[in-house]
Amino acid sequence: MTQILRSMSRRRGRAALTILGVSIGIFAFVVMGALAEKMNIHATSAQRYYGRCIWVLDNRVYITFGGSLPMSLRKKLQAVDGVRYVSPRIFGPLDYADLRNPLALCAIAGVDLTPGHSPLEGLALARGRMLRRGARGEVVIGCAVARKYDKDVGDFLRVHREKMRIVGVLEPTNTDPDSLVFMSLEDARRVLAMERDEVTAFAVYVEPNEDAEALAEVLVHVAAREGVPVHTISPEEIQRNVGSALSIFNGIVYACTIIAVLVGTLGIANTMVMSVSERAREIGTKKAIGARTSDIFVEFLGEALVIAVVGGAIGLALAVLATWLLNARLAEGGVTLFIITARLVCAAFAVALVAGCIAGIYPALRAARLDPVQALRSV
Amino acid sequence: MEHATSDNKLIVRARGLVKVYRLGRRNTVTALAGVDLDVPRGSFTVVMGPSGSGKSTLLNVLGCLDTPDEGTLIVDGRDVTRARRSALSDFRLRTVGFVFQQFNLLPHLTALENVMLPLNYRRPRLSAQEKRERAAAALRRVGLGHRLHHRPDELSGGEQQRVGIARAMVNEPKIILADEPTGELDTKTGAEVIEMMYELNRERGQTIILVTHDYAVGQRADQLVFMSDGRIVPRLAELEAPLAPAPPKQS
């Protein structure tokens, strides 16, 4: 090892530039990977949070925002076989300016606070308490909302024209609840100026072993019979849409980073091939004094691996710093865009090691196979 | 590599060694054209001859850096004629020490580290402490005990060659092969280096085979071998003449 480092130190400039090349590749890999990890975690957390629930939405809107459904539809949906319970929801923007920046979007979520039916029951509190049935003028907020507005338990949050007291702050979930302001259905209607029996969506929870897709079709028919045109989003549909969007996103991200890493790998290979030519005489001398083919091979491969691992570590450190800075900046808007996971760190080192191996094998073989007599003659 | 029964008094027994190099598709150069050579253990053998006569090739073949195309070579009782590469590198490590004309020291290593290099390749491995001690002892033996931590560019030519000699002997090889070890040195320093090699030969019974153009060096040797056109030739007056110092011209 000492020998490898001493050899590298002879051509510091070249070694540093090669390491820089690898660092840039690994930097790109980690930063883009952290973005992909965030998206993946968001998607899987969302699936866990929403579970087996069919969203029933106003046919005029695709998302849970906007639209209007009569509260009376709840009983009809509840009566359908296979439905466990129906949870009415009211979603609306917290600040209309947010609609221009979906990444920083914080939303109002009016929920049914009946014990056993409240969606808040599956969530953990970081501070304060949960909303109680019949709560008025109180909210429980997600961690991103708390960060964005710099509010905590006991503070008042401005919700359109009203000031509402924050009674609880939720633990991070890495998905939608982080950017939601939970309140009772009545409060939500009031602040969003909605009618008395109006909601924007129903979350229909399905009995276990029930075919959710078939049930979703039944729900559409039931609503149509009531004269309410609705469409549904089934858990399978969410999974399909999210899955295909994620795989396209992951594909683009990883294709870009593979190119970056490949360029770094070629940089190492180039440096090592040059090094073998320049050090032919040294290789000849080592062979003459008893170095085996394997000794020379290990020495040159080791040098490529050291370049790759040092480059990888620098790239990783820079990526951690960059994502931390970006996250800190974006946190003001309530957004966490990059998550560096343990598996991403492992993958970065694995990529660096594989790059080092691929780049080092050919030059190391060349060095090891040099004919000592020829090598000793070289200048 | 096979064990060969041979006269135990001989460390090298070469018969009919032929080495042909290909230069391009058609041209070939016969570097060794049937060399027979016996080297007794503990002897000082000097090989002389004009440039291109095959001296260096002979040294490379005797040192197992190169293999002969024909003939038989027994070194230290082993037939190395057709040994595999891996066996040859092990054999070189234990049996042969090389001293080069241009010293071939690694510029980024200190004298001590250069001398430790052959010890790094030994299996089983030696401890770092033992390697340092052995290398330091070898350097002290060549009078460089005070230069252990100097890099080659901080040493004179003579000192560098002495480091080269210490490196060649640190593994206590059976033979030291020196290819024009004074070629890069001035006369005085060259003479000191040669004296040191004779000392090694006398005091430790170290077998040395040395290539040189200096006839005075050869005159002191136990065995003086002349080469011409890839063969060992008798010591002819006409071959000796150009090597001897030219008589002063008379006006």
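This is a predicted model: local features need pLDDT of at least 70, side-chain atom pairs count only at pLDDT 80 or more; totals for chains, interfaces and linings use all residues.
Reader: Where is A:Asn174 found?
Author: A:Asn174 sits in the loop between β8 and β9 of chain A.

Reader: What about A:His160, where does that lie?
Author: A:His160 lies in the loop between β7 (156-159) and β8 (162-170) of chain A. A:His160 is not a glycine either, yet has a positive phi of about 55°. With 15 C-beta neighbours inside 10 Å, A:His160 counts as partly exposed.

Reader: Which strand has A:Leu180 in it?
Author: A:Leu180 belongs to β9 of chain A, residues 180-184. A:Leu180 counts as buried because 27 C-beta neighbours lie inside 10 Å.

Reader: What does A:Leu180 touch, if I skip residues up to four places away in sequence?
Author: On that basis A:Leu180 touches A:Ala107, A:Ala109 and A:Gly142. Two residues are in contact if their C-beta atoms, placed from the backbone, lie within 7 Å. As for A:Ala146, it is 34 residues from A:Leu180 in sequence and 9.8 Å from it in space, C-alpha to C-alpha.

Reader: Zoom out. What is the radius of gyration of chain A?
Author: Chain A has 30 Å, whereas a compact globule of 379 residues would have a value near 21 Å. The radius is taken over C-alpha atoms, and the globule rule is 2.2 Å times the number of residues to the power 0.38. The C-alpha trace of chain A spans about 95 × 45 × 30 Å along its principal axes.

Reader: Which domains does the assignment give for chain A?
Author: Domain 1 is 2-44 + 241-377 and domain 2 is 60-228; such bounds come from an automatic or database domain assignment. The centres of these two domains of chain A, taken over C-alpha atoms, are 47 Å apart.

Reader: How many helices and strands are there in chain A?
Author: Chain A has 11 helices and 12 strands. Of its 379 residues, 40% are buried.

Reader: Now chain B. How many helices and strands?
Author: Chain B has eight helices and 11 strands. Its radius of gyration is 19 Å, close to the 18 Å that the globule rule gives for 251 residues, so chain B is as compact as a globular protein of that length. In chain B, 45% of the 251 residues count as buried.

Reader: How many residues of chain B are in contact with chain A?
Author: There are 17 residues of chain B in contact with 17 residues of chain A. On the chain B side, the elements that give two or more residues are α2 (85-95) and α3 (111-120). The largest share, five residues, comes from α2(B). That side of chain B divides into eight nonpolar, five polar and four charged residues. Nonpolar means Ala, Val, Leu, Ile, Met, Phe, Trp, Tyr, Cys and Pro; charged means Asp, Glu, Lys and Arg; the others, Gly among them, are polar.

Reader: At what angle do α3(B) and α4 of chain B cross?
Author: The axes of α3(B) and α4(B), residues 128-141, cross at roughly 115° and come within 9 Å. Axes are lines fitted to C-alpha atoms, for helices over the stretch in contact, and angles run from 0 to 180 degrees between N-to-C directions. Residues in the contact include B:Leu112 and B:Val115 of α3(B), and B:Ala135 and B:Leu139 of α4(B). The residues of this contact divide into nine nonpolar, no polar and three charged.

Reader: Last one. Where is B:Pro124?
Author: B:Pro124 is in the loop between α3 and α4 of chain B. The peptide bond from B:Arg123 to B:Pro124 is cis, with omega near -5°.

Methods:
Residues are numbered from 1 along each chain as its sequence is written. Chains are lettered from A and ligands numbered from 1 in the order in which they are written. Helices (H or I, at least four residues) and strands (E, at least two) are DSSP runs, numbered from the N terminus. A residue is buried if 20 or more other C-beta atoms lie within 10 Å of its own, exposed if 12 or fewer, and partly exposed in between; C-beta atoms are placed from the backbone.
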